[in-house]
Amino acid sequence: MKNIKQNSLRAWLLAARPKTLTAAVIPVLLGSALAFGDGQFKTTPALLCALFACGMQIAANFINDLFDYLKGTDREDRLGPKRACAEGWITPGAMKVGIGVMLTVSCLAGLGLLFAVWGQLPHGGWELVVLGVVCILFAFLYTTVLSYRGWGDVLVLVFFGFVPVGGTYYVQAYTLNMDVVILSLVSGLAIDTLLMVNNYRDREQDVVSGKRTLVVRFGEAFGRNMYLGLGIAAVLLCLWFIYSGRLTPLEFIWAPCVYFYMHALTWRKMVSIRSGEKLNRILGETSRNMLFLGLLLAVALAA
């Protein structure tokens, strides 16, 4: 893809990494499905949550692209998809503008959400202001500091679990409950499988870059077993919804259990490949499995 014109629309689309938007949308979908099942679904807040989440995901991708380039992390031995700044598709100056634009889009969505629910929440809406500021702050901290110190998996649980699932439900139902907590964990654990296989693939390059992910800290065997364990934990947590009456045993089988079957098959392929660019296929399958779980679980919870 060397023929990509610098700062072109195609370059920006590649830098946005549209495939990653699945991880942004699924938690919002799950939170909205739970609200729908409780008779609390509200279209405008749900759509604004989705816009905020997608805007923040793209902004985080741009930040990651720029700062990894400035740190020299994106070298020629990179196994994952090419990065825009490192390839010269987008200049660092233009990327800074792109970050500003996407953060502005996210802030506008947040302001729209504040306007829609202001005065109806337990704390008036100020809690959303704090949450928005925290999201923006950690979008920068993740790439610049925390991912290099092995905090990536914790942040996935927070910002792809508790924040989007809980936040989406909260702005529609104006409260939280144990179902929201469990669903947040399910979402965060399932999405963390994406980060785990990404870090598993890049473990040798991360050592050179000084990036102390969990796979780097504890080794290859830990990484592949953790990948499987995350899927197991997500499925087992879904048993709670049978107990709470939100899922029937049959729904548990055709959503979480079928997901786990797909996840286990992907894990076996991952173990057989072990290293190299072929693990990018595992990343794609992991994303597909996660999407499958999110969609079917959302349908079941909304019923």
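Visitor: Where does Thr168 sit?
Guide: Thr168 is part of helix 7, residues 152-173. Helices here are DSSP runs of H or I with at least four residues, strands are E runs of at least two, and both are numbered from the N terminus.

Visitor: Before we go on, what kind of model is this?
Guide: This is a predicted model, where local features need pLDDT of at least 70 and side-chain atom pairs count only at pLDDT 80 or more, while totals for chains, interfaces and linings use all residues. Residues are numbered from 1 along each chain as its sequence is written, and side-chain values use heavy atoms, with hydrogens and water left out.

Visitor: OK, back to Thr168: buried or exposed?
Guide: Thr168 is buried, because its relative accessibility is 1%. The cut-offs are under 20% relative accessible area for buried, over 50% for exposed, and partly exposed in between, with a 1.4 Å probe and protein chains only.

Visitor: And what does Thr168 touch?
Guide: Not counting residues up to four places away in sequence, Thr168 touches Val28, Gly31, Ser32, Cys49 and Val163. Contact means heavy atoms within 4.5 Å.

Visitor: What about Leu29, which helix is that in?
Guide: Leu29 belongs to helix 2, residues 21-37. Leu29 counts as partly exposed, at 31% relative accessibility. Leaving aside neighbours within four places in sequence, Leu29 is in contact with Gly294, Leu295 and Ala298.

Visitor: Zooming out, how many helices and strands does the chain have?
Guide: The chain has 14 helices and zero strands. Buried residues make up 50% of its 303 residues. Among contacts with a separation of 6 or more, 76% are between residues 24 or more positions apart.

Visitor: What's the radius of gyration, and what would a compact globule have?
Guide: The chain has 19 Å, which agrees with the value near 19 Å for a compact globule of 303 residues. That radius is taken over C-alpha atoms, and the globule rule is 2.2 Å times the number of residues to the power 0.38. Along its principal axes, the C-alpha trace spans about 50 × 45 × 30 Å.

Visitor: Now packing. How do helix 3 and helix 6 cross?
Guide: The axes of helix 3 (residues 43-71) and helix 6 (residues 126-144) come within 8 Å and cross at roughly 30°, so helix 3 is roughly parallel to helix 6. Axes are lines fitted to C-alpha atoms, for helices over the stretch in contact, and angles run from 0 to 180 degrees between N-to-C directions. Under 35 degrees counts as roughly parallel, over 145 as roughly antiparallel, 65 to 115 as roughly perpendicular, and the rest as oblique.

Visitor: Who makes that contact?
Guide: Helix 3 brings residues including Phe52, Met56 and Ile63, and helix 6 brings residues including Gly132, Cys135 and Ile136. By class, the contact of helix 3 with helix 6 has eight nonpolar, four polar and two charged residues. Nonpolar covers Ala, Val, Leu, Ile, Met, Phe, Trp, Tyr, Cys and Pro; charged covers Asp, Glu, Lys and Arg; the others, Gly among them, are polar.

Visitor: And how do helix 8 and helix 14 pack?
Guide: The axes of helix 8 (residues 178-201) and helix 14 (residues 279-302) come within 9 Å and cross at roughly 175°. Helix 8 and helix 14 are therefore roughly antiparallel. Their contact has 14 nonpolar, five polar and one charged residues.

Visitor: What about helix 11 and helix 13, what's their angle?
Guide: Helix 11 (residues 220-237) and helix 13 (residues 249-273) pack at about 175°, with axes 9 Å apart. That makes helix 11 roughly antiparallel to helix 13.

Visitor: Last topic, backbone. What is the phi of Arg17?
Guide: Arg17 has a positive phi of about 50° although it is not a glycine. Most residues other than glycine have a negative phi. Arg17 lies in the loop between helix 1 (9-16) and helix 2, and counts as buried at 14% relative accessibility.

Visitor: And Tyr174, what's its phi?
Guide: Phi of Tyr174 is near 65°, again a positive value in a residue other than glycine. Tyr174 is in the loop between helix 7 and helix 8, and is partly exposed with a relative accessible area of 22%.
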